[in-house]
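Please look over the model below before reading the report.

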Amino acid sequence: MVEPVPETISFTSEEEKILQFWNDKDCFYECLKQSKNRPRYTFYDGPPFATGLPHYGHILAGTIKDIVTRFAHQSGFHVDRRFGWDCHGLPVEYEIDKSLGIKGPEDVAKMGIAEYNNQCRKIVMRYSNEWEVSVKRMGRWIDFKNDYKTLYPWFMETVWWVFKQLYDKGLVYQGVKVMPFSTACNTPLSNFESHQNYKDVQDPSVIVNFPLLENEGVSLIAWTTTPWTLPSNLALCVNPEYLYVKVKGENKEKSLPFCVSALYKQPSFLFLLRFPGKVLKGKKYKPLFQYFAKCAEKGAFQIVLDNYVKEEEGTGVVHQAPYFGADDYRVCTDYNIIQKDQAPICPVDASGCFTPEVTDFAGQYVKDADKNIIKWLKEHGRLVNASSFKHSYPFCWRSDTPLIYKAVPSWFIRVENMVEKLLDNNGKCYWVPEFVREKRFGNWLRDARDWAVSRNRYWGTPIPLWVSDDYEEVVCVGSMAELEELTGVKVTDLHRESIDSLTIPSRCGKGVLRRVTEVFDCWFESGSMPYAQVHYPFENRKEFEDTFPADFIAEGIDQTRGWFYTLLVLSTALFGKPPFKNVIVNGLVLASDGQKMSKRKKNYPDPGLIVQSYGADALRLYLINSPVVRAENLRFKEEGVRDVLKDVFLPWYNAYRFLVQNVQRLQKEENIQFLYNENTAKQSDNIMDKWIQSFTQSLIQFFKAEMDAYRLYTVVPRLVKFVDMLTNWYVRTNRRRLKGESGSEDCVWALETLFSVLFSMCRLMAPFTPFITEMMYQNLRHLIDPASVEEKDASSIHYLMLPQVRENLIAKRIESAVSQMQSVIELGRVIRDRKTLPVKYPLKEVVVIHQDPEALKDIQSLQKYILEELNVRQLTLSTDKDRYGIRLRAEPDHMVLGKRLKGAFKSVTASIKSLSNEQLEAFQKTGTIVVDGQELHEEDLRLMYTFDQSSGSAAQYEAHSDSQAHLVPSDEITAHNDFILATTKAPLLPFPVPKLALKGSDLEFTIVKGSSTPKISLNGPACAYVNIKVKVNNKDQGKGVVLLENPKGDNRLDLDKLKRVCGSIFGTNSNIRLFNGELTSKTDLQSLSGKTLVATSASSCPGSVSGDSLLCPYVNLMLCNAQPSGTCQTGEVGTLLLLNPVGKNGLDYSHLHYEVAKVFGLRGRRLKLYLDQDFNQDFVVRVLPTTAEA
């Protein structure tokens, strides 16, 4: 028996009831049981760490995975969904180090590895219960009972098997490599880990002199932002092709690059000599420190050459500390200053402290030692200049401490020699969105480096290599059985405390082999999960091989350098094929201000509270119906979740409630029992019934095609639109029929139509909103004829298959006709709103003009709905727009044409505006027109309909259009005072008026005549500007424009700011000089407005400065109804460059509003832009009210 539906609903309370229902019926496992004999659909779930609570990123990725796997089940597949846990690695160890105060390896040795790992084991699943509760509360169906954990011995055994396969293929080697190193975690990081957490930091910047041995009166000067690497200096490197100069200062001669005088505040040099860098090759210099002076015997402390030295920053002389920089290591190896097999000259320990070799700074943390090293340099006369330098620097993703680059012995997987195969396999995967495959991921693969998989840690899968003392004999173990066979000891656990003591007798007479101390990088474990989660190849061999590669995976875009990468590397190395067929990549969820979500800043609402307030379905739909499913970022806003309830769920719920009400009324008043059977239901002849049925079937067709293509971002908007169509069009226009006012037979037709549509919609929406669909279904299922149910068990909507497309119900002509009717009604509503005429006031006539007689026939067939919805007495249809005085006029697209026509733009614009109606009608048909010798196309012009003032229609009619050409009323608006007074029941007062209180809200109602737009006659850009031409090495490097103020009178630039802006636009450094006559800090930049400046690294202006016409197209902006805010104080007139530099960074429509908002400090406000009718190169900017203001 169908239950009455209450008028109000708490979605969160209903969701809790559904959770209990699923739990009581064990619905998820029942679902798996029902589908066990179906074809298999393979899904891999990337394992999260359980040392922290789930955040929006986890919720988003989990929702995408849940939607796709539910859809696969509803499409007839069996989908195993196993939850996985990443249990090893830095996240766990860092927590233990923090809580136990462990500073380095010595502390672990005192405690013992067994106790240390025991402590790790205790916290590894600290938040597992919270995770399970959170995941289930979000409606995600996934198997926690049959999970996998990377600490399970059987999982670790497969990881050993994977490594042994790579070892046997010759893909494993040990080497010394300069790598990103976390001193907080005492371990190197892989390249992709080091790219996860960059920050802008202020580092010390020092310039140091290196006197030449042949003449200590001459020094090279080198620049560095890592003074702590100077004690390990072994060489200096210059670029062989660059020009260097020898200059004489007050005390000494120095060799330095040509542009280096910019480093000195008041240069007073005498230029002695200019020469290429290659002249310096092999020259010896005096070491800074004596710690490694003996290295001079092997060629250290000489000048070497390499093209990696750049002139963009620094002095063009780079100091070489080969064990602290990858390029340094390569160059010094090439010059035999160091040998690959020698003991590294690396006087920094795993905690980042200097070792005793560096006597002056022993025991000091390297970053703390910077200031003491600078002091030492100054005291010993080696410091030329000291300052600070802001740049982007990598931080440890786990400890959030700065990384250093340090040479460490590591075990590597050879990746560089399989790049082509990786790219080929990547090409076989289907990525959504597709650009991630070619751009972000493809670019990362092209530059892939050998993967360092070893970590000098404790809590992880040990690397299964047993070696002799001289490392000449190596045994790689691939299973527990093999380990027992080689050592004679049976083990049940593979962690370090269980196997480190085991030895293997040497087969070469080298005594015993001992295991290397390193453990695997936890990314190696997660990359092995497709095999390890099923203990392949030791178990489930056939099942795995039949279902590999996976059909589907999904994670965030940050995993292009993480899990996606490690999966592909291992799959390619092991099997020569990709690990997955389809992947959805989501963007990042940011705080509402665009910043990264931060617990410390508390800049985002707690996910648990959001679910508690609005429900999981609302949060799911908000996240999925956003740019984040197209791998773009989402600024999370709580009001967006609230709007899902208001705009989607409540109208949907009300339609469901209306159906149940009228089914119960039908039974009570007519004694008609309502049971729906799709196979026996009669076909209705009502056009709106046919329309909604057709629209539903078209939606099902679209839904299946797009979901098969994993395009969630196209599906959800259509589903949301369908709710609008159902509630605001079908139910609204058929309320009387559904209430039985047109007879019981017609009522049953309407109810059957509404039921079938709601039932289909629930099945389509079930993967997206599993709670509300289950709630509705549990009541609606009592209205379904049991004979029509195909499934054996239909007790949950999630057991049902998707509805099949009934193509015989699809009527595109009817869909088109209703679409035409909707356009007429919506246009009529806009006109009523514009003229402030509520629908309750009847109007005499609505005139619809359309060039297609068939479209008019469609509109005629739905006349009664139009008359009823618009409350008009008569519908007039016509193809003759001339009869009503309607004519076309054209406006140029300023951004498109301004960029193309440049100087001819003004004259062409004037000609465009004078084009006749006949010319524009011809243009509508052909798509091209020639104006002033310029061929224009559809994208160049905007066509608009307007009234011909001589026709008299402008006074009689108000008009609007939905076609490419928009109707623009050009008559003077008449204020109907009597109507206003009768409506407001208050006298008209002079402006400004006090706010009125209306039903508890403040109402500010103002009628004004004329425009408040500031009419400022502008000739050219509103703001002062200079053209910039960039020359480097006497070659043109680009040109563009810098605005010296924006808005007018605000944000004025001084010389330093001008240089920084040039750097941002043209990529120049802060050492450039600007010439129009040389500029100094005292130059009045405003006086240079309209001039052309040359930006160069040279000491004098290269060539003449010519041409002062504005280089880039622009529009002026006039703020008409608000005050600027933020950094803007007074300026209401500004300028926006449409591209800059010349030929680059063209501004398109989608970014226009954002850039305009930036100019006036109005980011976050909604703007409308209007083309000023008097000044054709200006936009009028109108700020729309916020929700609170409205």
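The text below takes up confidence, then a helix, then a strand.

This is a predicted model, in which local features need pLDDT of at least 70, side-chain atom pairs count only at pLDDT 80 or more, and totals for chains, interfaces and linings use all residues. Residues are numbered from 1 along each chain as its sequence is written, and side-chain values use heavy atoms, with hydrogens and water left out.

The pLDDT (the predictor's confidence in each residue, from 0 to 100) averages 83 over the protein, and 88% of the residues score at least 70.

Over residues 964–974 the pLDDT stays under 50. Where pLDDT is low, the predicted coordinates should not be read in detail.

Helix α11 has 14 residues (366–379), which at 1.5 Å a residue should span 20 Å; the end C-alpha atoms are 19 Å apart, which agrees. The expected span is 1.5 Å times one less than the number of residues. After α11 comes G381, with a positive phi near 70 degrees.

In strand β40 (residues 1114–1119), 6 of 6 residues are buried. Y1114, N1116 and M1118 lie on one side, and V1115, L1117 and L1119 on the other. β40 runs antiparallel to strand β41 (residues 1133–1137), joined by 5 bridges. N1116 stands opposite T1135 in β41.

Definitions and conventions: Helix = DSSP H or I, 4+ residues; strand = E, 2+ residues; numbered from the N terminus. Buried < 20%, exposed > 50% of the residue type's maximum accessible area, 1.4 Å probe, protein only. Pairing = 2+ DSSP bridges. Contact = heavy atoms within 4.5 Å.
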